[in-house]
Amino acid sequence: MPVMLDVQGRRCIVVGGGKVAERKTMGLLEAGAAVTIISPALTPQLTELAEQGAIVWLNRSYAPGDARGAFLVYAATDDSGVNGEVAREAESLGVPVNVGSDAEAGSFITPGVLRRGRLTVAVSTSGAGPGTAAKLTKLLEETFGEEYEAYLDFLYRMRQEIKRREASPEARKLLLRTLGRLHVLDEIRRGTFTEWDSEQIEAWIAQHREE
Ligand SMILES: C[C@@]1(CC(=O)O)c2cc3[nH]c(cc4nc(cc5[nH]c(cc(n2)[C@H]1CCC(=O)O)[C@@](C)(CC(=O)O)[C@@H]5CCC(=O)O)C(CC(=O)O)=C4CCC(=O)O)c(CCC(=O)O)c3CC(=O)O
Ligand SMILES: NC(=O)C1=CN([C@@H]2O[C@H](COP(=O)(O)OP(=O)(O)OC[C@H]3O[C@@H](n4cnc5c(N)ncnc54)[C@H](O)[C@@H]3O)[C@@H](O)[C@H]2O)C=CC1
C-alpha cells in the first residue's frame with residue numbers, strides 16, 4: 001500500500017551503520033527526519049554526519065527496547081537474526097519496520113525515489129528486483145526533468161490562490177481544470193516562462209471563472 005509519510009522532525013531509528021544504513025539515512029535526512037543510528041561501527045559518511053550533529057549515533061549493538069518511541073524503524077545490519085529481532089520488537093510496539101535483508105520480514109519496503117521539488121515518484125518491485133527498481137527510477141529521471149520543480153511550484157501557488165479567492169465549488173473546479181490545460185510546462189522547458197505576479201493571477205481567475 002503506497003503512502004507518502006511526513007517524517008519531518010520525527011524520530012526514525014536505523015539499526016546498523018553500513019552501506020545500506022547509509023542509504024536509508026540519506027533518504028530520511030532528505031525528508032527532514034530526526035535520525036538515530038544504533039551501531040558499533042559507521043561508514044565514513046555516517047561518521048561525518050554524526051560529528052556534524054546531523055544524526056544521533058548510539059555507539060553500540062542493538063538492544064531490546066531500542067524501537068520504543070520511534071515513528072519508523074530500519075533494520076539494516078548484516079545479521080539477519082538481529083534484523084529479525086528488531087522487526088519483531090517494532091511489530092509488537094505497532095511501529096512500521098523495514099528490513100533491508102528481507103522484504104517480507106518487515107512491514108514496509110523502501111522504494112526507489114525520484115524527487116523534483118514538490119513531485120515525488122516512488123518505484124517498487126515488491127522486493128522482486130531491487131536493481132530493477134533502481135534502473136526504473138533512473139529511467140524516470142529522463143521523463144520527469146528539472147522543469148517539474150518550477151511547474152509544481154506554479155501549480156501550488158495557483159491552487160492556493162484559486163482556493164483563497166474563489167468560494168464557489170463549481171467555479172473552483174472549472175478553474176483548476178483549466179489550469180491543468182495551460183502550456184506552462186512547455187514554456188518552462190523552452191525557457192519562455194515568466195512568473196505570474198498577483199495581478200496576472202487575479203486577471204486570469206476573473207477571465208476563466210465563468211467559461
Ligand atoms: C526488499 C528491499 C529492502 C528494503 O526495503 O530496503 C531490498 C532488498 C535487497 N536489495 C538487495 C540488493 C540491491 N539493492 C539495490 C538498490 C536498492 N534497493 C532498494 C530497495 C530494496 N532492497 C527493497 C526492495 C525494493 C523493491 O524492489 O521495491 C532501493 C530501491 C531503495 C533503497 O534501498 O534506498 C535501492 C535503489 C536506490 C536507487 O539507486 O534508486 C541494488 C542496486 C545498487 O546498489 O545499485 C542491489 C544490488 C543488485 C541486486 O542484487 O539486485 C538485496 C540483495 C543483497 C544480497 O545479495 O545480500 C536485498 C535483499 C533481498 O533480496 O531481499
Ligand atoms: N536493502 C538493500 O538495498 C540492500 C540490502 N542488503 C542487505 O543488507 C545487509 C546490510 O548490508 P550492508 O549495509 O552493505 O552491510 P555492512 O556490512 O556494510 O554493514 C553492516 C552494519 O551493521 C552493523 N551491525 C552488525 N551487527 C549489529 C548489531 N547487532 N547491532 C547494530 N548494528 C550492527 C555493523 O556494525 C555494520 O555497520 C546485507 O547483509 C544484505 O542482506 C544488501 C545490499 C542492498
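I will start with how to read the model, then take the ligand, then a pair of helices.

This is a predicted model, in which local features need pLDDT of at least 70, side-chain atom pairs count only at pLDDT 80 or more, and totals for chains, interfaces and linings use all residues. Residues are numbered from 1 along each chain as its sequence is written, while chains are lettered from A and ligands numbered from 1 in the order in which they are written.

First, the ligand. Around ligand 1 there are 21 residues, where near means a C-beta atom, placed from the backbone, within 6 Å of the molecule. The closest are Ala103, Ile109, Ser124, Pro130 and Gly131. Two elements give two or more residues to this shell, helix H1 (19-30) and helix H4 (130-143); helices here are DSSP runs of H or I, at least four residues, numbered from the N terminus. H4 gives the most, with five residues. At least three residues come from each of domain 1 (11-110) and domain 2 (112-143), with bounds from an automatic or database domain assignment.

Now the helix pair. Helix H5 (residues 147-165) packs with helix H6 (residues 169-180) at about 165°, axes 10 Å apart. The axes are lines fitted to C-alpha atoms over the stretch in contact, and angles run from 0 to 180 degrees between N-to-C directions. H5 and H6 are therefore roughly antiparallel, a label for angles over 145 degrees. Leu155, Met158, Arg159, Ile162 and Lys163 in H5 meet Arg172, Leu175, Leu176 and Leu179 in H6, contact being C-beta atoms, placed from the backbone, within 7 Å.

Definitions and conventions:
Parallel < 35°, antiparallel > 145°, perpendicular 65-115°, else oblique. Contact = placed C-beta atoms within 7 Å.
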